[in-house]
Amino acid sequence: MLKKIQSIIYKFNQSLLRMAENTLNLTSKRATDQAENNIPKKKTKKQIGSLGQSEGCRRKIAMVVAYNGKGYFGVQVNPGFQTIESDILPALSKIGAITQAEAECPAKMWFQRGSRTDKNVSAAGQIFSLKAVLVPDLIIKLNEELPPQIRAFGFVRTTNGFDSKNWCDSRTYMYMTPTFAFAPIEKFITDDYRTTSDILERIRAILKKFVGTHKFHNFTSGVKYEEACAKRYIINFECSDPYVRDGIEFITIRVKGQSFMLHQIRKMIGLTMAIVRGYCPESTIEASWGPEKVDVPKASGLGLVLEELHFLGYNKKFGCDGIHEPIDWSKHKEDMDKFKEEHIISSIVAQEKEERVTFNWLRTLQNHNFDQNRLYGPEHPWYFMHKKLKKMSPKGTNENEAASVVQHSQEPDLENQQTDTSSLVDHSEKSITLEPILCSERTFNVCSKMTDPSSSAFDCQTSQSLESTQNSERTIEIFSNDTENHFNNVHDKVKLESEETENNRQSQITSN
């Protein structure tokens, strides 16, 4: 019995020893683990993935396209009108990059354009984002289906969530215009006109006033002063040095902004032209940012070109991740510049020389009243022009005579004007100091006869214009008389019908 008790005690002591050893081992292990945790661990590098197979698969891409907008009604699809996208989408369908259903409904392939362009506006770097099948030689096959004035240059694969409109940080536009658009109103302009350094400095000073965040509700349509979308941020607004193309001196204005509203750029440049020419003071710019309505002229759309779209935010986030390519077209710059010169710049110069687009637009400036009350109605020249004519008219000319000069109420005798004012011509300057009846076809015809025969003056068909004006006035008078007679006849007819109805009603009551 004693031996059994001794064995039990021995076993119990052995178990206590094992428990103590295990406790010591566990404590030392914990201390070791804590020491190891305090040692900084080396970061393991992430394995960089890849985009996988591209050719023959449907992938999200950003594609750069340039086009001459002449003859097109903007870039966006518009049923019944010829647009840039109405040529690109069927071409993509023909080469198998998208289906016919996607061409008819671009939203099915997540199609988006980086920036919209208006009628006759060109682009040297438009970006389209879409999901397309990456067929072999996609760009080459696409260009074979496109007209010569539209060209695709390349594409890059993007993230599935990429949108060329929403990911675009800023946009750069250029506007090419002849320098005579900024000539003083009293200056007689020809193809030989050359601007001065003082005018260039004033243009640059005025353009700088637009830089920053302002309310541009007066520079578009359908936007009120109170709306948040009226605020736009202009980053940069610059004017180049003058250069000569086909005998006409041009300048290029570049504007970079976060985003632009409809007609905003053309109206900013139009107002700048009006200020430099002397139609309104510089304070009109500040007035246009206020709640009051300001009549801002819209410059011609011929020289406007979408030059570049910027994706700095996307390139910073995804362009350096080792998987996606940055949106950068520098490798296509030579081809893009060549297309821009041959199909866009040359077209602008040719149209300006043949159609006199800017010159004809300048004639409409006198119909704007800017931030002043229109005292003489829309059919008369602007109020300040009338005041300037009064001030510059010779002594002894009364107000009625000055007004008659502005309104062109009488046809001038061209031969007498030529002989009477020949002493005012300065052939060396190719300018003339006549009363500034701005952009009058008759005035330019008179001046062209008085200038040097070798100079290239504008060909203004005065007699046809005067005859057309007189015919228009007679047509309006006849139309007004016919309208009044028609209204009287309708009124009499309605009156007779109402009387007959009343008589019938009375007869029915009597019979009942």
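A residue is called buried when its relative accessible area is under 20%, exposed when that area is over 50%, and partly exposed in between, as judged with a 1.4 Å probe and protein chains only. By this criterion Cys239 is buried, because its relative accessibility is 10%, whereas Cys105, at 32% relative accessibility, counts as partly exposed. The structure holds zero disulfides, a disulfide being a pair of cysteine sulfur atoms within 2.5 Å.

The model is predicted, so that local features need pLDDT of at least 70 and side-chain atom pairs count only at pLDDT 80 or more, while totals for chains, interfaces and linings use all residues. Residues are numbered from 1 along each chain as its sequence is written, and side-chain values use heavy atoms, with hydrogens and water left out.

Of the 512 residues in the chain, 43% are buried. The chain contains 15 helices and 12 strands, which are DSSP runs numbered from the N terminus (helices H or I, at least four residues; strands E, at least two). Among contacts (heavy atoms within 4.5 Å) in the chain between residues at least 6 apart in sequence, 74% join residues at least 24 apart.

Phe81 lies in the loop between strand E1 (58-67) and helix H2 (85-94). Phe81 counts as partly exposed because its relative accessibility is 43%, and, when its neighbours within four places in sequence are left aside, Phe81 is in contact with Phe73 and Ser86.
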